[in-house]
Amino acid sequence: MSEFSKEDIERKVTLQKGDEAPNFTLENADGVSVNLKDFIGKNVVLYFYPKDNTPGCTTEACEFSTLFDDFISNDTVIVGISPDSVKSHVGFISKQNLKHILLSDPQKQVSKEYGVWQVRKNYGKEYLGIVRTTFVIDKEGKISKVYKSVKAKDHAAKVLADLVK
């Protein structure tokens, strides 16, 4: 008997190129509600990551931040989402001097809707967590690319290269 619900076990990323990106509203590090629809007219790199201040997530966030101006000059907004609290995001942004938006999804509602909250395995132990995934959303709010099971290092540069093609 599994400790996870059938829904949790079966959840996977099913969104594909051409799908309407599910809309959501989450709080940013300033406690302001941000709605995905706020970015219609711009491209959005929406990346889901497991946890603030962990090695892989710090690498990924810092690389996106380093390339921030290149994304902006390509009419693209970068938005990171994790289950961490707003307070955690404030510390992470400050510590790493991050330039892009981080949103807090403590109820994992958005993470579940995008299919990235899944049963994971680490050292033989199963747990629920974020599968590192990035969605590129076009100016009309449709998904133009999905990167599944992302390796953090050099991911931001790959996304940017694909975006400017």
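This briefing covers the overall build, the surface and the salt bridges of the protein. The model is predicted: local features need pLDDT of at least 70, side-chain atom pairs count only at pLDDT 80 or more, and totals for chains, interfaces and linings use all residues. Residues are numbered from 1 along each chain as its sequence is written, and side-chain values use heavy atoms, leaving out hydrogens and water.

**Overall build**
- The protein has six helices and nine strands (DSSP runs: helices are H or I, at least four residues; strands are E, at least two; numbering starts at the N terminus).
- The radius of gyration is 15 Å, close to the 15 Å from the globule rule for 165 residues, so the protein is as compact as a globular protein of that length (taken over C-alpha atoms; the rule is 2.2 Å times the number of residues to the power 0.38).
- The C-alpha atoms fill a box of roughly 50 × 35 × 30 Å along the principal axes.

**Burial**
- Buried residues make up 46% of the 165 residues (buried is under 20% relative accessible area, exposed over 50%, partly exposed in between; 1.4 Å probe, protein chains only).

**Salt bridges**
- The structure holds twelve salt bridges (a side-chain nitrogen of Lys or Arg within 4 Å of a carboxyl oxygen of Asp or Glu).
- Asp-162 pairs with Lys-158 at 3.7 Å. They lie four residues apart in helix H6 (residues 155–163), so about one helical turn separates them.
- Lys-158 is partly exposed, at 46%.
- Salt bridges that share partners join Glu-7, Asp-8 and Arg-11 into one network.
- Arg-11 meets Glu-7 at 3.7 Å and Asp-8 at 2.9 Å.
- Glu-7 is exposed at 57%, whereas Arg-11 and Asp-8 are both buried.
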